[in-house]
Amino acid sequence: MESLFLQQTLNGLIIGSIYSLIAIGLTMIFGVMKISNFAHGDYSMVGAYTAVFLMAWVPGWMGWVGSIIAAAAVVGILGIVTERLIFRPLIGRWTDIDIIMVSIGLFILLENLAQLFFGATPQMISDPFKGATVHIGGVSTSVLRVFCFGFSCIAIGALQIFLNRSKLGVAIRATSQNRFAAQLMGVDINLIYTLTFWVGAALAGVAGVLYGTTFAVHPLMGAMPTLKAFVVTILGGMGNIRGAIFGGFILGIAESLGGNYLAMEYQHAIGFFIIILVLLLRPRGLFGAKEGT
Amino acid sequence: MSKRLKHRLRSVAVVAALLILPQVVQERYFLHIVVMAGIYTIMTMSWNLLAGYSGQLNLGHAAFFGIGAYSSALLAMKLGVSPWFGLLGGGVIAGFFGFLLGFPALRLSGPYLAITTIGFAEILRLVAVNWVDLTRGSLGLSGIPLLTPIRLGSWGMEFYFERDYYYVVLAAVVFTYFCMLRFTHSEFGVSLQALRDDEQGAQSIGIHTSQYKLAVFTISAFFAGMAGGLFAHFTRLVSPDTMSLHVTFDTLTMTMIGGLGTTAGPILGAVLLSLLSEWLRTLEDFFRMDIRLVLYGFLLILTIRFMREGLVGVVRALKEGFSSYGKGRNAGGDHD
């Protein structure tokens, strides 16, 4: 009984780390540009397909690590392209509705382009560790999941260092806090926009490889990460990066435990139940930033 | 006065054309598409009232459609209620859920409201999938009864043919259209637009914004539920997919492309996109793939980028272009 609890918590932590990774990009983009990007999960989908193609070419763990890097590169470029072509032209005259609609348009477009080019059948990224498992105490998990967790944590840690230590990182945070003040301090706001989208999309791409290896890869897989990332982002307060990290873990564990002890069928709805509660009680999220929207 | 007369004549012509349509084109498949377009028109008009006129970004509209469809089907199948009352019942039950969803909307806006409404629809979809005793789960309800025949002397409607459904759906569309027109061209509609443009400002001049929000959610949900009921008795099959995100996305794409916040936009969008997507299906052999949704996404992005009032805005711009062309100015715009 106790080991089951530990096991589920561990599973939750691992999947939660992937949620965090996706949500960080979403929350950064929201913080800096006030864009709610409903196509964010499709960056993960494209990342996952990058891995499918690369690993058909270079199998094994080398291919897997290589495809994580490749996914970051490919999806990073996709992020910049979408920012430039779709979001940037709307700057200055958008409303919430416009922004959400245009991102839904992008979501529909990417999802169906993927269906055209990659076909509708789900594909598997073969486990680079050939299904090996590890046992610690009373719990066990696959080596793959340990690596997924490890990669997520490394990426999150690296981002934290970048945001806190580097000049550009500080500029991103400054823009997120107050765009005009940042501009007055000589921050090139357009560069920050591009950079934010690049980093955010690349993180989602990496997460896509991890997510796709754990589950399956198909053109419609982006919807779920999008919704989960939004749940996490709202949980942590939109624009709040630290909130997104904690929010991801909270959602992962809540889903895992809730799915096990409450109702498996409603596992994917648990996040929505939580945010409806949170929004009714604390409309700015658990780690509520003072200014939002 | 002559303008008004012209307007009247045009309305009469449109209605007459719609009434004879099934007599002219008798192909059942075509009529099926037109009926579905009509059902979607009710969806887009009701969504437009929420999103276009009151600025409430509801991304859970499919839930109301599904609630209406399931309620209407179950009332007829389990309780033996006449489908005609079932349509109304489906609308009322959906309206009740709309009222409930109005409460979070009192405090939330923008992305927060969008996600809450998506969550609402996803939770209901999962209920429909898992409450197998009532809904038969993912299999869906099948064998939903047809609308009961109407007999008036020698004239009657049997509802074995698409043609009969066509007239019922046409009546429903016209009814919804006039209701929307009443709502939007009244104090109620003006207050909604004030609420959309400046909530605090609206409050400060004495508009009870919370009452208006609850009212508009209820009304919008009622019509979406009615559309769901029509769908149930027409296709005779209701599955949890009726509540999926894609139904909402289809609805909003049609509305946006037609013209958000305009009277004609939702109708134009729903009808044109329904016909367009059927036409694209015939081209499938040529493209060797289904490019319908790719086009939807593409058009949606273009609409927001270049023509914020959708097709209605384009038509307006063209008209202005033509009239100013006569005065020797440059015609048209760079709209495609």
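Where is the place of A:Lys34? Select A:Lys34: its place is in the loop between helix H1 (2–33) and helix H2 (40–57) of chain A. Helices here are DSSP runs of H or I with at least four residues, strands are runs of E with at least two, and both are numbered from the N terminus. A:Lys34 has a positive phi of about 60°, although it is not a glycine. A:Lys34 counts as partly exposed because it has 19 C-beta neighbours inside 10 Å. (A residue is buried if 20 or more other C-beta atoms lie within 10 Å of its own, exposed if 12 or fewer, and partly exposed in between, with C-beta atoms placed from the backbone.)

Before the next selection, a note on conventions. The model is predicted, so local features need pLDDT of at least 70 and side-chain atom pairs count only at pLDDT 80 or more, while totals for chains, interfaces and linings use all residues. Residues are numbered from 1 along each chain as its sequence is written, and chains are lettered from A and ligands numbered from 1 in the order in which they are written.

**Chain A as a whole**

Now select chain A. It holds 11 helices and 2 strands, and along the sequence these follow the pattern α-α-α-α-β-β-α-α-α-α-α-α-α. Chain A is as compact as a globular protein of its length, because its radius of gyration of 19 Å is close to the 19 Å that the globule rule gives for 293 residues. (This radius is taken over C-alpha atoms, and the rule is 2.2 Å times the number of residues to the power 0.38.) Along the principal axes, the C-alpha atoms of chain A fill a box of roughly 55 × 45 × 35 Å. Of its 293 residues, 51% count as buried.

**Two helix pairs in chain A**

Next, select helix H5 (residues 143–165) and helix H6 (residues 167–177) of chain A. At what angle do H5(A) and H6(A) pack? The angle is about 80°, with the axes 5 Å apart. H5(A) is therefore roughly perpendicular to H6(A). (Axes are lines fitted to C-alpha atoms, for helices over the stretch in contact, and angles run from 0 to 180 degrees between N-to-C directions; under 35 degrees counts as roughly parallel, over 145 as roughly antiparallel, 65 to 115 as roughly perpendicular and the rest as oblique.) Display A:Phe162, A:Leu163, A:Asn164 and A:Arg165 of H5(A) together with A:Gly169, A:Ile172 and A:Arg173 of H6(A), which make the contact. Two residues are in contact if their C-beta atoms, placed from the backbone, lie within 7 Å. By class, this contact of H5(A) with H6(A) has 3 nonpolar, 2 polar and 2 charged residues. (Ala, Val, Leu, Ile, Met, Phe, Trp, Tyr, Cys and Pro count as nonpolar, Asp, Glu, Lys and Arg as charged, and the others, Gly among them, as polar.)

Then move to H9(A) and helix H10 (residues 241–261) of chain A, which pack at about 120° with their axes 8 Å apart. H9(A) and H10(A) are therefore oblique to each other. Among the residues of H9(A) that meet H10(A) are A:Lys228, A:Val231 and A:Leu235, and those of H10(A) include A:Phe246, A:Ile250 and A:Leu251. The contact of H9(A) with H10(A) divides into 7 nonpolar, 5 polar and 1 charged.

**Where the chains meet**

Show both chains. In this view, 33 residues of chain A are in contact with 32 residues of chain B. On the chain A side, helix H4 (96–118), helix H9 (223–236) and helix H11 (270–281) each give two or more residues. H4(A) provides the largest share, 14 residues. The chain A side divides into 26 nonpolar, 4 polar and 3 charged residues.

Now centre on B:Ile304, found in helix H14 (residues 292–306) of chain B. Is B:Ile304 buried or exposed? B:Ile304 counts as buried because it has 26 C-beta neighbours inside 10 Å. Leaving aside neighbours within four places in sequence, B:Ile304 is in contact with A:Asp98, A:Met101, A:Val102, A:Gly105 and B:Met256.

**Last stop in chain B**

Chain B has 15 helices and 4 strands, and buried residues make up 47% of its 336 residues. Finally, select B:Arg236, in the loop between helix H10 (209–235) and strand E4 (237–238) of chain B. B:Arg236 has a positive phi of about 60°, although it is not a glycine. With 14 other C-beta atoms within 10 Å, B:Arg236 is partly exposed.
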